[in-house]
Amino acid sequence: MTKRRIIGAVSFALAASVLAAACGGGSDSGGGDGEAKKGGTIRILTSGEQIAHLDPQRNYTGSDLAFAGTTMHRSLTSYKYEEGDAGSEIAGDLATDTGTASNEGKTWAFTLRDGITFEDGSAITCADVAYGVSRSFATDVITDGPTYAISYIDVADYPGPYTATAEQQAAYDKAVACEGNTITFNLKNPVADFNYTTTLLTFSPVPKAKDNGEKYDMNPVSSGPYKIESYEVGKSLVLVRNENWNADSDELRKAYADSIVYEFGLEEATIDERMIADAGDDQFAVSEGIQPENLQTIFENGDEALKARSVDYYDPYVSYTNLNNENLSCYEVRKAIYLALDREALRKAGGGPYTGDFADGFVKPALALDYAKSTMPEGYNTDGSANVEAAKAAVAEAETKCPDVVARAKSGLNFYYPDTPTWQKSLAIWQDNLGAIGFKLKPEAVEPSQYWPTVMNPETDYDIARGGWAPDWANASTVIPELFTTGGGFNLTRNSKDADYAEFEGLVNAAKVNLDRVAQGKQWQELNQYVVDRLWALPGSFLKAQSIWGSKVGNTFQWGPFGAFCFGNLYVK
Amino acid sequence: MLLFVTRRILFALALLLAVSFFTYMLFAMLPADPAALTCGKNCKPEIIEANRVRLGYDKPLLEQYWLFIKGFFVGRDYGVGAAAFSCPAPSLGYSFSQHECVTTLIARTFPVTFYLSLGAFILWMTLGIGLGTIAALKRGRWQDRAATTFSAVGVSLPTFYIGLLVLFSFCIWLRILPFPSYESPFEDPLSFLTTMILPWTTLAVLSAAGYTRLTRNGMLEAMNEDFVRLGIAKGLRRRTIIRKYVLRSALVPIVTIAGLDFAALLGGAIITESVFSLPGMGRMSIRAVVESDLPVLVGTTMTAAVFIVLANVVVDVLYGVLDPRVRSK
């Protein structure tokens, strides 16, 4: 599988029923035969050169969160280590329970358990948690991590612990207060599901004395059942048991394996061959992602044993296309672009049906409370084919309503894309499709690693840019506001000048503070439709992924919130 | 001879300084922004700017280059307050992608590349010169044809093809060898050997092909030289003539090419390291290219340049040893 830029991390219930329905093949044994037992070594094979970040405050992708959270870093709360729906429920982790809200959701308190320790045996205190959270404010050093703490906690202009003045630090200490074993967060606004936010490793403890900033990524101190024995980028990460982890203080982690070895830098083709061959140590291995050319061998060639140790599932991500609404300020032009697109051809270019299903919005069905099937624009073909006639009709309408925007589209739209083989193929399809309605593209190939910094730069004048997102926890509050409001962390639609934006933002703010979760879900459903009705961005696919594991690995279910293995609880059969 | 060597070394140092300047400038002028790379998903222009200042990329290019050179001799400091850290001399910068000083990264990956190159070099020189000699001595016979065929096939096959072929053959289908998993020869010699045998063979087959042809042609040419005929006329033994005169004469161009080939390999055998998952400098370089990790790119390019320049010096000196006329000139 090609490396996809992973944005965001956590999704709601990828329930077992959804998985079962989604799985064109394969099954998830959830452990399979025999009882779980202690011992052995679990291996994880990857083409990646390293874990993106092991520093808890910088860790922010589904699989990495699932790995680091189940093995090394405990947070205040956690998702339950369960298959199906139960896996999306939260429980206290370092905290005794899922927290107590007061002040109408503006104040949240968590009491730490007794007996929680770092790998050196020292007790984890409230100050360690507060210090860990404070690091996430230092966005120049602690890069890549989630910024919810910055958005939510009621402290202004706090630059993080490395450069804060005494006054700034005092303000932070007031906003994140410690009293004995209880840590209290004072928030700017009510956050009904703040205890879901605290499942992020942003809320993991860090011992101040061991913090070496940027370099902490390579040698973080463990609070979980495993600690680092060796970590060599491009080669391997070896985790061994943390003898100072107190199992009695941890209701979630079972830590069956004696050690967990992450093998980096393997050729993707080699990983597949090894996993299919299932020989030697590879029988104790798991791998996320299967090369497209091997999907048929695994899922369709009738080898039931092979199929039984693999899974084809919906991962938490939704792909979409951002339109710059300042330039494309005319709905009819946006609609014409959407209807002219041959989405089936684009899906084929990306790998075919195994990559995902056509999306009808930005909230995935797995977010059950927040999802409702959207009404798509008139002329939208559900089979993914282009509707050129309808698109041309939209252009004709636009000629009257907004001739300047049509003129821009005809003279050439700035199309920013990552310079990868898949996107080069997609570009040709885009050019062909838009050419059919008289629109042109000015392609801007961006070196893949520079893509997000480039399009996130307000000075970049794109008309069309790619997008991909997964909710950070089981609430569309981490989708709609993030993608479509000016305060969101990933709004590339530049929609703030749209006539409807003020109304939209008001509705979003109302939904965010609604403590009635069911009613809030209804609001998100309506807001998802609100965006689809305006096509500020164009829905792409509800993405799927595939994983495979060796015949001697148990507990291999795909953990819904992360779309990944529950790594720390895998066991050797 | 001492003057000859000193002159070559001084010239090499000047050349390296020039290479460092052009390499740094070339990479610094690329459109990739190292400051933006340190800034992830929640990247905002003010964060990029803050990181640019923190890393010194806000300074004029010449000053950046000066800091780079200075860092090599006295080390460099990064960050402020509790988050401060330093890369000690000889510093080639810091990789914010791999969270390590570039010198540390090179020190860690270079031994892998060195062992890969050295083993492959010994194999291909033995194989290439051996087969070339046999082909020359058995000119026109089946041994010659076999060596020539080997040479043609070896040259035609791309590295990744041979690499994957031997990897899948020996590790998956026949299961004679375990999958490559690099270990230091000092820590686990057996694992080292079982891991390296396939990449060595892959590289050796490719390179030996060229050396077979080169040796064969060189020897055939030398056999027709007057000094060989004189040796025969004086009654010297055939073995002596071949070893002392023919082969020695044929080796002169081979030494030149071999030195440069070996040095180039030390810069990183990118494809071989990738196919066999060897954590060497080549794979690190390719990752740096993909991620626009400029400090690593500059560091690995400079390291490769050092070996190429060094190899040139050694070849020049060896040339002098093999052919006394060079020294006298």
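This is a predicted model: local features need pLDDT of at least 70, side-chain atom pairs count only at pLDDT 80 or more; totals for chains, interfaces and linings use all residues.
**Entry 1: helix pair in chain B.** I looked up helix H6 (residues 142–156) and helix H8 (residues 189–223) of chain B and found that they pack at an angle of about 135 degrees, their axes being 8 Å apart. I noted the crossing of H6(B) and H8(B) as left-handed. On the H6(B) side, I listed B:Ala147, B:Phe150, B:Ser151, B:Gly154 and B:Val155. They meet residues of H8(B), including B:Val205, B:Leu206, B:Arg213 and B:Arg216. By class, I recorded 7 nonpolar, 4 polar and 2 charged residues in this contact.

**Entry 2: the side of chain B that touches chain A.** I found 41 residues of chain B in contact with 43 residues of chain A. Helices of chain B that each supply at least two residues to this side include H2 (34–37), H7 (159–173) and H12 (281–291). The largest share, 6 residues, comes from H3(B). I recorded the classes on this side of chain B as 23 nonpolar, 11 polar and 7 charged residues.

**Entry 3: A:Asp140.** I located A:Asp140 in the loop between helix H3 (126–135) and helix H4 (148–152) of chain A. A:Asp140 counts as buried because it has 25 C-beta neighbours inside 10 Å.

Notes
Residues are numbered from 1 along each chain as its sequence is written. Chains are lettered from A and ligands numbered from 1 in the order in which they are written. Helices (H or I, at least four residues) and strands (E, at least two) are DSSP runs, numbered from the N terminus. A residue is buried if 20 or more other C-beta atoms lie within 10 Å of its own, exposed if 12 or fewer, and partly exposed in between; C-beta atoms are placed from the backbone. Two residues are in contact if their C-beta atoms, placed from the backbone, lie within 7 Å. Ala, Val, Leu, Ile, Met, Phe, Trp, Tyr, Cys and Pro count as nonpolar, Asp, Glu, Lys and Arg as charged, and the others, Gly among them, as polar. Axes are lines fitted to C-alpha atoms, for helices over the stretch in contact, and angles run from 0 to 180 degrees between N-to-C directions. A crossing is left-handed if the near helix is turned anticlockwise from the far one by less than a right angle, and right-handed if clockwise.
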